[in-house]
Amino acid sequence: MADLTSNFIGIETPNPFWLASAPPTDKEYNVRRAFEAGWGGAVWKTLGEDGPPVVNVNGPRYGAIWGADRRLLGLNNIELITDRPLGINLKEMTRVKKDYPDRAIIASLMVPVNEDCWKEILLRVAETGCDGVELNFGCPHGMSERGMGSAVGQVPEYVGQVTEWCKKHTCLPVIVKLTPNITDIRKPAQAARDGGADAVSLINTINSITSVNLDSFAPEPAIDGKGAHGGYCGPAVKPIALNMVAELARTKSLQGLPISGIGGIGTWRDAAEFLALGAGNVQVCTAAMTYGFRIVKEMISGLSQYMDEKGFSSIDELVGRAVPNLSDWQNLNLNYVAKARINQELCIKCGRCYAACEDTSHQAITMSKNRIFGVDDGECVACNLCVNVCPVEGCITMEQLPPGSLDERTGKTVVAQYANWTQHPNNPGACAAE
Amino acid sequence: MAISALASGIVPNRLARRQYADNFSDLHPRLNDHEAMVAADQCYFCHDAPCVDACPTEIDIPLFIRQIATRTPEAAAKTIFSQNILGGMCARVCPTETLCEQACVREVAESKPVKIGQLQRYATDALMDSDIHPFNRAASTGKKIAVAGAGPAGLACAHRLAMKGHDVAIFEARGKPGGLNEFGIAAYKTVDGFAKREIDWLLQIGGITLKPGVRIGGNLTIRQLKADFDAVFLGIGLGGTGRLGLENEDMAGIRDAVDFIAELRQAGDFSTIPVGRDVVVVGGGMTAIDAAVQSRLLGALNVTLAYRRSLDMMKASRHERDLATSKGVRIITGAVPVAIRGNGSVEEIEFEYSDDNLEPTGHKFAIPADQVLKAIGQKLADADLPETENGKIKTTGAGRTSTEGIWAGGDCTLAGDDLTVTAVAEGRDAAEDIDRCLMS
């Protein structure tokens, strides 16, 4: 079994699977159960200033969207930071860390943009023996209205400033958690790095309304007939999170800045994808909230098997492995030609490929009277829609036309030579190949 | 008081009272909301869906399932009823395993089709329970049409004609309408008087006059109908039954399975239905299965279903056969009845094994039988009919018979296949054709 030991910014944990700062990490009871289940670390639910804690609504905090069989695909919440007294949280963190010295406890923090506030809370959390702090610049609801959370994360100058203060007032590693509710994720990441951050974590939740009650006409989740936008997470946000992680991983000025990947991770595969796109470890929330803490067992066994199969001896060998393959559109090889191929053995004859292609795409799927579906290479642009709508995995695939063969659609012979848009004759700005 | 299950002869009260209720409860109770949502989620919304092709009434199944999934079961019901006004009964009695569900791509993919029949019931029950009739009758055309037979074919034809504004009179030989829906079909498939409720609901369209107790060919001839009405539709089913052609065939204890089932369906109290201890059902179709299973449910100790050809030639589907064997019915195939013995009433029936061409093998065996139910096919009862072939009415196109102005559909025609859903399709299509002919 592969060694899953993770060393993220000097914090060693038995595996790279941490629980994100969220309801599952709000209490000693939960975090102990998580560690017993096997989680490598937990980012404690965000602590605020000492004094009267924040209050939460007393109605629904979560909204959701579902896929087939009511599988939860996206979850939205309007819960605030911890509503438990700071002292109690700190005592619990101390006890848990003492009992689980090999697991990471990270304190997520959110206090007003004021150096003294940050200094004070940093001193107190340091006494818990925790392994690091995560600055919550991400929560997009409630606290942002009070000038915290994503209100900070959306202004790179604030991000840099608070990060600097934190580095000045603690020796603990500082992770800056970024909000995705911005135009260019690289800007706040750069500010965090310039402020001295040891790492960034992303993504926090996305502004969202999950649904509208068509009887009361209130956005969901609704409180007494009114709704407010919440933060969206779960499997539905994974593609957005992957892109943002990858954007940072391939940005030159951010090279070497460790990334903790968050967003829709529910299986070992999701985790491995984040690692491959540059995350040093991953954080999980919604999947645990959907299925309970024991999902980590599958994540551990799956990642371990994968690493064994690939011959990777450490997580580091996987981290960033896909980053060199992330490019810009203009660099994609326009001489690469593929066509859809339908495996007749696997085809169950539902005809969705036909409907999708015929109605909405290129009329490249043929259908015989006895429901044999085929591909008209003369029309197929290899768009992949048929693959994506087919209910049977592996039934339709995109197969590359080997160089030298004829592309019936264009009437041209496929060439082996790489050529992209920057060299294309239709591009007014093309530079002729030397 | 229950008579011992061991008592010989044809007697009622073989079971404790409670057992009757259990035995004759709904075979497949209605899906609850959650079950329906889970089942509806399974549908892939196929293009030109094979299930629709496999449905004799061509219900837009992917559409109605999508309407269930989006919590508009009433709209789903309307989708169903617009093609099949007896969609409620068909949801209960269709052999879906050989029709829509056999064609379902998930049957191909996972040997587990979408529960189309049960979803159809979920939708149709939702609308019928709210007592909404989703169709309006068009302005009166002044045309009068006679429908002979108030079974599935006649009812479907009458409804469609009434919807188009015609005045319809249905003549039914029995004392009440419904045909095999009311007098055939196993009781556990259509509980709580559903057949009657469905007809009451269907008649809400208006313009249909029901004339029960009038047998065509008796006091009222087809010729007379043709003279009195603008068009005639025959949906008279198969009133007659076949015979084994054996000595002692009219001995006490031997009867037609259809009569046994009709009696059972009309009984308010199943405990009053007498049944043998050792019942032998002769036949291989749905009627044979329904008679055999219900004999067991009434408390018969030994029930044997004997079919003269091999298992794969039985008309009863595998699903039906499995149901029978799960209820304790023993199925014997390749067995032709050759002798009936008894002293005043039947005591034993002898069979000879034969091949699929019914060539005897010389190997014989006898089974004790205090009751023999014959389910060996029905035939057209005599009447002054249009041209027939193989004992059934010949039709072309949408149910046109050899006589102009007379249409036919359902089991009485060559095109019929003993299925409620086929009868509905034929009745509906004949109505459309009648309407075209009368209005052009």
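How far apart do the C-alpha centres of domain 1 of chain A and domain 2 of chain A lie? The two centres are 40 Å apart. Domain 1 of chain A covers residues 6-325 and domain 2 covers residues 349-423, the bounds being those of an automatic or database domain assignment. The structure is a predicted model, in which local features need pLDDT of at least 70, side-chain atom pairs count only at pLDDT 80 or more, and totals for chains, interfaces and linings use all residues. Residues are numbered from 1 along each chain as its sequence is written, and chains are lettered from A and ligands numbered from 1 in the order in which they are written.

Chain A contains 13 helices and 24 strands; helices (H or I, at least four residues) and strands (E, at least two) are DSSP runs numbered from the N terminus. Along the principal axes, the C-alpha atoms of chain A fill a box of roughly 75 × 60 × 50 Å. Of the 434 residues in chain A, 45% are buried. A residue counts as buried if 20 or more other C-beta atoms, placed from the backbone, lie within 10 Å of its own, as exposed if 12 or fewer do, and as partly exposed in between. Among contacts in chain A between residues at least 6 apart in sequence, 69% join residues at least 24 apart; a contact requires C-beta atoms, placed from the backbone, within 7 Å of each other.

Strand β18 (residues 281-284) of chain A has two parallel partners, β3 (residues 17-19) of chain A and β17 (residues 259-262) of chain A. Strands pair if DSSP finds at least two bridges between them. The pairing of β3(A) with β18(A) has 3 bridges, and W18(A) has Q283(A) as its bridge partner. The pairing of β17(A) with β18(A) also has 3 bridges, with G261(A) opposite V282(A). From β17(A) the chain passes through helix α8 (residues 268-276) of chain A to β18(A) in a right-handed β-α-β crossover. Right-handed here means that, with the strands pointing away from the viewer, the path from the first strand over the helix to the second runs clockwise. Within β18(A), N281(A) and Q283(A) point one way, V282(A) and V284(A) point the other way, and all are buried.

Elsewhere in chain A, strands β5 (residues 62-66) and β6 (residues 72-77) run antiparallel and are joined by 5 bridges. One of the bridge pairs is Y62(A) with N77(A). The two strands form a hairpin with 5 residues between them, and D69(A) in the turn has a positive phi of about 60 degrees. Strand β6(A) also pairs with β16 (residues 230-233) of chain A, in the antiparallel sense and over 3 bridges. There, N76(A) has Y232(A) as its bridge partner.

Between the chains, 12 residues of chain A are in contact with 10 residues of chain B. The chain A side has 7 nonpolar, 1 polar and 4 charged residues. In this classification Ala, Val, Leu, Ile, Met, Phe, Trp, Tyr, Cys and Pro are nonpolar, Asp, Glu, Lys and Arg are charged, and the others, Gly among them, are polar.

Chain B contains 17 helices and 17 strands, and its C-alpha trace spans about 65 × 55 × 45 Å along its principal axes. The radius of gyration of chain B, 22 Å, agrees with the value near 22 Å for a compact globule of 440 residues. Buried residues account for 48% of the 440 residues in chain B. Among contacts in chain B between residues at least 6 apart in sequence, 70% join residues at least 24 apart.

Chain B is assigned domain 1 (17-25 + 243-378), domain 2 (33-129) and domain 3 (144-239 + 380-439). The C-alpha centres of domains 1 and 3 of chain B are separated by 30 Å, and 14 residues of domain 1 are in contact with 10 residues of domain 3. On the domain 1 side, α14 (257-266) and α15 (286-297) of chain B are the elements that give two or more residues. By class, this side has 7 nonpolar, 5 polar and 2 charged residues.

A381(B) lies in the loop between β14 (378-379) and β15 (388-389) of chain B. A381(B) is partly exposed because 17 other C-beta atoms lie within 10 Å. A381(B) and G239(B) are 142 residues apart in sequence, with their C-alpha atoms 4.9 Å apart in space. Not counting residues up to four places away in sequence, A381(B) touches G239(B) and G240(B).

Notes. Contact = placed C-beta atoms within 7 Å. Rg over C-alpha atoms; globule rule 2.2 N^0.38 Å.
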